[in-house]
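Here is a short tour of a predicted model. Keep the structure in view as you read.

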Amino acid sequence: MITRLNHVSIFVLDQESAYDFYVNRLGFQVHTDAAMGPGMRWLTVCPPEQPDLEITLMAIEDGMMFKDGAAEQMKQLVQKGTFGFGVFECNDLNATYEELKAKGVVFKKAPTKEFYGYEALFVDDSGNWFSLGQKKD
Amino acid sequence: MTTPDYPRAYLYKRIVAAKLFMDSHFSDDIDLLNIADEACFSRFHFIRLFKAIYERTPYQYLMSVRIEAAKKLLQQEHSVSDTCFSVGFDSLSSFSGLFKRYTRQSPTEYSHAYAARQEQIREIPLQFIPACFADQKSWTQKSNFEEVN
């Protein structure tokens, strides 16, 4: 039976820029960074407290994954902010919000009280958006 | 010194500024009392607020930043002694002891283990990539990705 999730993919426009965003700004750890040939790279990162969850920063390229012009369509969708890839958690939402803002992360929504708790929304360097919530006590 | 009744956002900004200062000046001989003064808190309030937000005292946080920086230097094949002094420790034994407490490996063990893993990634990268993605990217010779239904 399925017991856990160990990989999840986030489609990014540029892997080097995404590396800077996720590692240097969000503070994620590099899990695997493998050169697979000219211009090809397998890059996974993980949140500091989840070293076994690999977030694949997936390049959008023509090929088996994206055929017949789908890569260009996908890039446009990503750039438009179509995709929200998940919900991140932090110990203190206000502090994390101030810190990430100071590091240049763009927020679509400041910490706001919702019926389910406090939430902020930020976007990555490609346009993907994420919810950021505070760990429940 | 009592803390004025500022809006919470302003309090957070001051604590976060102190944290970011430690992030960028970790290798300096940081006086945490100075940081508390700069943030306009008494030492007691600074430590209390910092710990409430980051679940660690400022000193514990500073040590963790130094250890993370040390890991990066060891990954870049710096020597243990160079790493120790570069990140702000003044004693090799203190550094090694603290490093082992944080990572469960000595600096040398960590350095060797990291280098060995990087060598594996260079030599056999497909071992680290789920086959379905490797196939989709045409990184494998054969592609057996086909719809089941």
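**The sheet and its helix**

Start in chain A with an open sheet of 4 strands. Their order is E5-E8-E7-E6. The pairing is mixed. Strands of a sheet pair through backbone hydrogen bonds, either parallel or antiparallel.

Now find the edges. They are strand E5 (84-90) and strand E6 (106-114) of chain A. Each of these pairs on one side only. From one strand to the next, the twist averages 20°.

Move to strand E7 of chain A, residues 117-123, and strand E8 of chain A, residues 129-134. These two run antiparallel, and 5 bridges join them. Look for Ala120(A) on the way: Leu132(A) in E8(A) stands opposite Ala120(A).

What packs on the sheet? Helix H3 of chain A does, with residues 93-102. Helix H3 touches E5, E6, E7 and E8 of chain A. The direction of helix H3 makes about 170° with that of E6(A).

**Where the chains meet**

Turn next to the contact between chain A and chain B. Chain A brings 15 residues to the contact, and chain B brings 19 residues. On the side of chain A that touches chain B, two or more residues each come from strand E2 (29-37) and H3 of chain A. Which element gives the most to that side? H3(A) does, with 5 residues.

Methods:
Residues numbered from 1 in each chain as written. Chains lettered and ligands numbered in written order. Predicted model: local features only at pLDDT ≥ 70, side-chain atom pairs only at ≥ 80, totals over all residues. Pairing = 2+ DSSP bridges. Axes fitted to C-alpha atoms, helices over the stretch in contact; angles between N-to-C directions. Contact = placed C-beta atoms within 7 Å.
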